[in-house]
Amino acid sequence: MTRKILALSAMEKLLKKYGADRVSEDAKEALSKVLEEKAKEIAEKSVKLSLHSKRKTIKKEDIELAIK
């Protein structure tokens with residue numbers, strides 16, 4: 001089983017910020033899973049971009065380009 005990076009309490013706060021009155025545990029876990037998968041994709045692309053530029057440091061531009 002993989003370790004969670006994003007806290008479920010943060011998922012609840014995010015959903016409530018945008019209008020949810022109540023949030024189930026399943027909903028928090030589902031949002032966390034989706035966001036972590038998307039973050040993984042962006043991180044992997046960002047690393048490739050920085051390495052292609054012969055850098056070890058990932059910059060803001062790498063993240064922005066990976067999102068496009």
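Hi everyone! A compact globule of 68 residues would have a radius of gyration near 11 Å, but our protein chain has 15 Å; that radius is taken over C-alpha atoms, and the globule rule is 2.2 Å times the number of residues to the power 0.38. Please keep in mind that this is a predicted model, where local features need pLDDT of at least 70, side-chain atom pairs count only at pLDDT 80 or more, and totals for chains, interfaces and linings use all residues. Residues are numbered from 1 along each chain as its sequence is written, and side-chain values use heavy atoms, leaving out hydrogens and water.

Along the principal axes, the C-alpha atoms fill a box of roughly 45 × 30 × 15 Å. The chain has three helices and zero strands (DSSP runs numbered from the N terminus: H or I of at least four residues for helices, E of at least two for strands).

How much of the chain is buried? Of the 68 residues, 15% count as buried, meaning under 20% relative accessible area with a 1.4 Å probe and protein chains only; exposed is over 50%, and partly exposed lies in between.

Now to the surface. V47, L51, I58, I63 and I67 form a nonpolar patch there. Patch residues have over 30% relative accessible area and no salt bridge, and nonpolar side chains (Val, Leu, Ile, Met, Phe, Trp, Tyr) are joined within 5 Å, like charges within 9 Å. A salt bridge puts a side-chain nitrogen of Lys or Arg within 4 Å of a carboxyl oxygen of Asp or Glu. Helices α2 (25-52) and α3 (60-67) each supply at least two of the patch residues. V47 lies in α2, and V47 counts as partly exposed because its relative accessibility is 36%.

Conventions
Areas by Shrake-Rupley, 256 points an atom, 1.4 Å probe, with all protein chains shown as cover.
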